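Let us walk through this structure step by step. Keep the chain in view as you read.

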Amino acid sequence: MPRWIFPLLVTSAIIFVIELYAFQAIKTITRNKTIKWLWLLVGILVYLNLLYVIFTTSRSSGQTREFQMAIGMTITILIPKVFIFIFLMGEDVVRLVDKTISWIRIGATEPISGRRKFLSQIALISASIPFVSFLYGIAIGRYNYKVLKYQLYFDDLPETFDGFTITQISDIHSGSFTNRKKIQYGVDLINEQNSDLLLFTGDIVNNRASEMHQWIEMFSALNAPYGKYSILGNHDYGDYTSWSSEKEKVENFEAIKSLHPKMGFELLCNENRSLEKEGRKISLIGVENWGKGGFKKKGDLALASIGVKQEDFKILMSHDPSHWDVQIKENDFNYQLTLSGHTHGLQMGIEIPGWIKWSPSKYVYKQWAGLYQEFGRYINVNRGFGYHAFPGRVGIWPEITVIELKKSS
């Protein structure tokens, strides 16, 4: 039996139970057959479309826009129904307890009449919130660019770099783009920051170099007086699609690397550069991807830091923030500032400044979005410029980061 059969059966069973409870909620609050049949029909069509896309898309195509949209539609209708399931399943548990008590002790209170209908109404209202949020995230949220600004103070920052500004972008994922006008708006917003230095921290494509071809001219217009530098992310190695030969994969990888200079970026692959201002220098270090677990580990800090002194002020670009957590934050060589991306903040969550910052991504990565400080060192995890897998963003918006370096008094 193929290995995918059992996971498919388990997933189908779970979805069936969720759909069953959701349909019960509809049946409870309305007798209109049109509404009930329409509810069933929409669900069936969405799931059939997902299966069709999965089984008709060649592995060599990678993650197509059709696949992303099928995933987006599935999530949009399924997640809200999970809310309904939780409400009604909880009510079933309470009702079971009530009946058990009634059986054990005569005279126990029976469930309140109409409780099921009331809970069904509450469940459907609750489900409408994530449903509308996902629709918004797909239609508008994925282009809802936010500029986040930080001032970071360092004792060992050279005086001439006091007030030096850096714009960081990450995770372009050009293979997912669909709206040229919106992407142009995002690129213009990057340029509007007028930063001294522009840094891109990996994942220029989903899999193939060709995904970026139509966007090269647009991103070439980005500028910064002290240069544009970039690194590779896990998607830039072409590991998430199939190739006719190893030679084809290697050629694609070389083509991806060549995209960077075509856009005016200097790609740093386990190497460093000195940035000079009025006779003083800071070191910019870029490593290839290094991620915990099954992610590629080609990043080499020692190799990338050859020629850099321990006392130098260092800005390190490393795509995956788990690298900072495992190898960088306590490193005696003292990498003062690390810039990462990779997580996208899972492209969904809740962020209200000063009150709440939550996403399922936090259960996978200790540093998953925004600025963190430990051992006197900083990491900024950019939420990403583009999107991947789910074709939208809900609560975790695409990010342009501006960091101003300040000399501590």
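Where is the place of Glu278? Glu278 sits in the loop between strand S6 (271-277) and strand S7 (280-286). Bear in mind that this model is predicted. Glu278 is not a glycine, yet its phi is positive, near 55°. Is Glu278 buried or exposed? Its relative accessible area is 66%. Exposed means over 50%, so Glu278 is exposed.

Now turn to His344. This residue lies in the loop between strand S9 (337-340) and strand S10 (350-352). His344 is not a glycine, but it has a positive phi of about 60°. Its relative accessible area is 7%. Buried means under 20%, so His344 is buried.

Next comes strand S13, residues 377-381. How many of its five residues are buried? Five of the five are, and the strand is mostly covered. The side chains of S13 point two ways. Arg377, Ile379 and Val381 point one way. Tyr378 and Asn380 point the other way. All of these residues are buried.

Which strands pair with S13? Strand S9 runs parallel to S13, and four bridges join them. In this pairing, Ser340 has Val381 of S13 as its bridge partner. Strand S12 (residues 370-374) pairs with S13 in the antiparallel sense, over five bridges. Here the bridge partner of Leu371 is Asn380 in S13.

Finish at the hairpin of S12 and S13. Two residues lie between the strands. Phe375 takes a positive phi near 55° in this hairpin.

Technical notes: Residues are numbered from 1 along each chain as its sequence is written. This is a predicted model: local features need pLDDT of at least 70, side-chain atom pairs count only at pLDDT 80 or more; totals for chains, interfaces and linings use all residues. Side-chain values use heavy atoms; hydrogens and water are left out. Buried means under 20% relative accessible area, exposed over 50%, partly exposed in between (1.4 Å probe, protein chains only). Two strands pair if DSSP finds at least two bridges between them.
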